[in-house]
Amino acid sequence: MGEGTASCPADASPLALTAEARGHPTATPEDLRLAFRRHASGVAVITVPSPAGPVGFTATSLVSVSARPPRLSFNISQDSSSWPALTRAGHVGVHILHARQEDLAARFATRGIDRFAQPTSWRLGPRRVPLLDGVAAWLVAAIDQRIVVGDQAIVVARVLHVGLDDDQRPPLLHHDGRFHGYEGPFPGSALGVPHA
Ligand SMILES: Cc1cc2nc3c(=O)[nH]c(=O)nc-3n(C[C@H](O)[C@H](O)[C@H](O)COP(=O)(O)O)c2cc1C
């Protein structure tokens, strides 16, 4: 048994035990932050049409929610400069980045710049949604729900259009506060269980 689990009852996680031992009713924000630094994710850019010009931000919170109908979700901070436009917009663009696009990801997470100025290359797509060029995949989706959770919101959207890059390039990953490339599957590794 590992060090962190030595005195952990069978029905309690080591993290819950740690939080109780500290006198907290739940884990702390720092516990959550440290755990999620170990969670690797793909990187997306969300774009939103707005009368004042397009807005957008980098997001790792993208989730494929359901297949029938095809729905996705992402989280946005209500402090984000993109939130006011998202409260009014009917549609969003979702862009899945490939491994050589860390500059684009960094640009769409940088405060106080015009994220759509050169060198960003973009065009207006279906439903007048701003679409970024050269990404691994893009989706245009109609916003169904905005679910407020504390200072965040979960946006659920129905996918209407999908574009796929011809080259199947490896994805951009984010892990432990940094962007990473992808080294590919382990030789002979098992296939993942298909999504229901
Ligand atoms: C790797 C990475 C992932 C991010 N994921 C999210 C996210 O899922 N939701 C979100 O609201 N902001 C996310 N952000 C922060 C936004 O991209 C952006 O930096 C933040 O909203 C501040 O920008 P603002 O000037 O638009 O307010 C992420 C940033 C980085 C670098």
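Start by selecting the ligand: 17 residues surround it, the closest being Ala 59, Ser 61, Ser 80, Ser 81 and Ala 109. The model is predicted: local features need pLDDT of at least 70, side-chain atom pairs count only at pLDDT 80 or more, and totals for chains, interfaces and linings use all residues. Residues are numbered from 1 along each chain as its sequence is written.

Next, colour this shell by residue type: 7 are nonpolar, 9 polar and 1 charged. Asp, Glu, Lys and Arg count as charged; Ala, Val, Leu, Ile, Met, Phe, Trp, Tyr, Cys and Pro as nonpolar; the others, Gly among them, as polar.

Now select β3 (55-59) and β5 (71-77), which each supply at least two shell residues. β5 gives the most, with 4 residues. Strands are DSSP runs of E, at least two residues long, numbered from the N terminus.

Two strands pair if DSSP finds at least two bridges between them.

Zoom in on β2 (residues 44-48) and β6 (residues 91-96), an antiparallel pair with 4 bridges. Here Ile 46 stands opposite Val 94 in β6.

Finally, select Val 92. Among the residues it touches are Ile 46, Val 129 and Ile 143, leaving out residues up to four places away in sequence. Contact requires C-beta atoms, placed from the backbone, within 7 Å.

Terms used
A residue is near a molecule or strand if its C-beta atom, placed from the backbone, lies within 6 Å of it. Two residues are in contact if their C-beta atoms, placed from the backbone, lie within 7 Å.
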